[in-house]
Amino acid sequence: MTRILVLGLLDVQPMSGYDIQQMLRISDAERWGGVLIGSIYHALKKMEKENLVEIERIEQTGNRQKAVYRITDDGRAHLTQLIADSLGHPSVHYPSGLYSGLSFIEKLPVEVALKALKRQLNNLTAEQEALESGLRLKEIAMHQNIPPMTTLIFDSMFAIVKQQRELVENAIKLLESKD
């Protein structure tokens, strides 16, 4: 995912590693894209060696220099392939830790299980609030004109969190009914 996001951003315009990190940070790519923001410089250097990106210019910023990268023709071809591959790759991810824990929940005292599930519910609530906050920031940044594909993505993310919350809430109800 790092490659597709970095190359995708560079296909829009040349950027420094710092600029790419900021764009990914603003878009919360660590949350939804599984990208470690700190890995950007390593990825740029690796892709430069592979002729997917190249330094367009060096800018002086105070006492520091920063390289501004641009995508190459090879990089564009690679990006196209990465996009096609990512769209065709199965992307169903089950909350396996949660499912595993629920499968053997009877091994715990009810109070311990309830405490853990309520902690999970709080985490899911925090995730939903982070998504809502991210959507509000996107609306502000884009002046309320969010592209339809972005809206579709956010709708999917909200639905996943809602579904997991409902599972945990129902598990809590089931445990509380046993008391």
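Me: Leaving aside its neighbours within four places in sequence, with which residues is Thr72 in contact?
Reply: This is a predicted model, in which local features need pLDDT of at least 70 and side-chain atom pairs count only at pLDDT 80 or more, whereas totals for chains, interfaces and linings use all residues. Residues are numbered from 1 along each chain as its sequence is written, and side-chain values use heavy atoms, with hydrogens and water left out. With contact taken as heavy atoms within 4.5 Å, and neighbours within four places in sequence set aside, the partners of Thr72 are Asn51, Leu52, Val53 and Glu54.

Me: Is Thr72 buried or exposed?
Reply: Thr72 sits in the loop that joins strand E3 (64-71) to helix H5 (73-88); helices (H or I, at least four residues) and strands (E, at least two) are DSSP runs, numbered from the N terminus. The scale is relative accessible area: buried under 20%, exposed over 50%, partly exposed in between (1.4 Å probe, protein chains only). The value for Thr72 is 7%, so the residue is buried.

Me: Which backbone nitrogen lies 3.0 Å from a polar atom of the side chain of Thr72?
Reply: A polar contact is a pair of N or O atoms within 3.5 Å; within protein, one must be able to donate a hydrogen and the other to accept it, and residues adjacent in sequence count only if both atoms are side-chain atoms. At 3.0 Å from the side chain of Thr72, the backbone nitrogen is that of Gly75.

Me: Which residue of E3 is the bridge partner of Ser16?
Reply: E1 and E3 are joined by two bridges in the antiparallel sense. The partner of Ser16 in E3 is Val68.

Me: Which backbone oxygen does the side chain of Gln21 reach?
Reply: Gln21 lies in helix H2 (residues 17-26) and is buried, at a relative accessible area of 11%. Beyond its neighbours within four places in sequence, Gln21 has contacts that include Gly38 and Tyr41. At 3.1 Å, the side chain of Gln21 reaches the backbone oxygen of Ile37.

Me: Are H2 and H4 parallel or oblique to each other?
Reply: Their axes come within 9 Å and cross at roughly 130°; axes are lines fitted to C-alpha atoms, for helices over the stretch in contact, and angles run from 0 to 180 degrees between N-to-C directions. Angles under 35 degrees count as roughly parallel, over 145 as roughly antiparallel, 65 to 115 as roughly perpendicular and the rest as oblique. H2 and H4 are therefore oblique.

Me: How far apart are the axes of H6 and H8?
Reply: Helix H6 (residues 96-103) packs against helix H8 (residues 148-177) at about 15°, so H6 is roughly parallel to H8. H6 contributes Leu98, Tyr99 and Leu102 to the contact, and H8 contributes Leu167, Val168 and Ala171. The axes of H6 and H8 are apart by 12 Å.

Methods. Pairing = 2+ DSSP bridges.
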